[in-house]
Amino acid sequence: MRKRKRGKAGGIKKRLKRHKFKPFLPSIIMGNVQSLNNKTGELHGNVRCLQEFKNISLMSFTETWLTEVMPDECLNIEGFKLLRGDRNFDLAEKQKGRGVCLYVNERWCHPDNAKLKNHS
């Protein structure tokens, strides 16, 4: 007769229960928004009310049309760190377009670990 092992129960379900908000693979929402200014209210509402948006790891948006004039306070979402790559007027040939924005969930990645390294 074999002795039964004692200790922690193994398995993927047990590990996921211990780490509820830090999945092994990140969940990502990506979108081409064409002006993020007029969509911030909807984005705030989705993060506050919808479970899919609350537990998302990363939200990435392209074509944000943001400039240096738009402050971060207008775009911040509670529980997420904002990283922006705005369009540079000197390098751009057109007045509208370009720009990227990344929201990193603070429960998935510590805010000090998410940094914008290079922007040109």
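Q: Is cysteine 74 buried or exposed, or does cysteine 74 fall in between?
A: This is a predicted model, a point to keep in mind throughout. Buried means under 20% relative accessible area, and exposed means over 50%. Cysteine 74 has a relative accessible area of 41%, so cysteine 74 is partly exposed.

Q: How many disulfides does the structure hold?
A: A disulfide is a covalent bond between the sulfur atoms of two cysteines. The count in this model is zero.

Q: In which sense do E2 and E4 pair, and over how many bridges?
A: They pair in the antiparallel sense, over five bridges. To follow the pairing, look at partners. Methionine 59 has tyrosine 103 in E4 as its bridge partner. Threonine 62 has valine 100 in E4 as its bridge partner.

Q: How many bridges join E3 to E4?
A: Six bridges join them, and the two strands run antiparallel. Leucine 82 has tyrosine 103 as its bridge partner in E4.

Q: Which rings form an aromatic pair?
A: In a regular strand the side chains alternate between the two faces of the sheet. For rings, check the distance between centres and the angle between planes. A search of the whole structure finds one aromatic pair. Its members are phenylalanine 61 and tyrosine 103, with 6.3 Å centre to centre and 75° between the planes. That arrangement is edge-to-face. Phenylalanine 61 lies in strand E2 and tyrosine 103 in strand E4, residues 100-105, so the pair ties together parts that are 42 residues apart in sequence.

Q: Why does phenylalanine 61 count as buried?
A: Its relative accessibility is 7%. Tyrosine 103 counts as buried because its relative accessibility is 0%.

Q: Now for charges. How many salt bridges does the structure hold?
A: It holds two. One joins the side chains of arginine 84 and aspartate 72, at 2.8 Å from N to O. Arginine 84 sits in strand E3, residues 80-85, while aspartate 72 sits in helix H4, and the two are twelve residues apart. This pair links distant parts of the chain. A salt bridge also joins arginine 84 to aspartate 86, at 2.6 Å from N to O.

Q: On to the loops. Where is threonine 64?
A: Name the elements on either side. Threonine 64 is in the loop between strand E2, residues 58-62, and helix H4, residues 72-75. Threonine 64 counts as buried because its relative accessibility is 0%. Next, list contacts, leaving aside neighbours within four places in sequence. For threonine 64 they include Val33, Ser35 and Leu36. Arg98, Gly99, Val100 and Cys101 are also among them.

Q: What is phi of tryptophan 65 near?
A: It is near 60°, a positive value in a residue other than glycine. Tryptophan 65 is in the loop between E2 and H4. At 27% relative accessible area, tryptophan 65 is partly exposed. Glutamine 34 also has a positive phi, near 45°. Glutamine 34 is in the loop between E1 and helix H2, residues 40-49. Its relative accessible area is 48%, so glutamine 34 is partly exposed.

Q: What separates the C-alpha atoms of serine 57 and glutamate 106?
A: Compare sequence with space. The two residues are 49 apart along the chain, and their C-alpha atoms are separated by 8.3 Å. Serine 57 is in the loop between helix H3, residues 51-54, and E2. Serine 57 counts as buried because its relative accessibility is 1%.

Conventions. Residues numbered from 1 in each chain as written. Predicted model: local features only at pLDDT ≥ 70, side-chain atom pairs only at ≥ 80, totals over all residues. Heavy atoms only, no water. Helix = DSSP H or I, 4+ residues; strand = E, 2+ residues; numbered from the N terminus. Buried < 20%, exposed > 50% of the residue type's maximum accessible area, 1.4 Å probe, protein only. Contact = heavy atoms within 4.5 Å. Salt bridge = Lys/Arg side-chain N within 4 Å of Asp/Glu carboxyl O. Phe/Tyr/Trp six-rings, centres within 6.5 Å; stacked < 30°, edge-to-face > 60°. Disulfide = S-S within 2.5 Å. Pairing = 2+ DSSP bridges.
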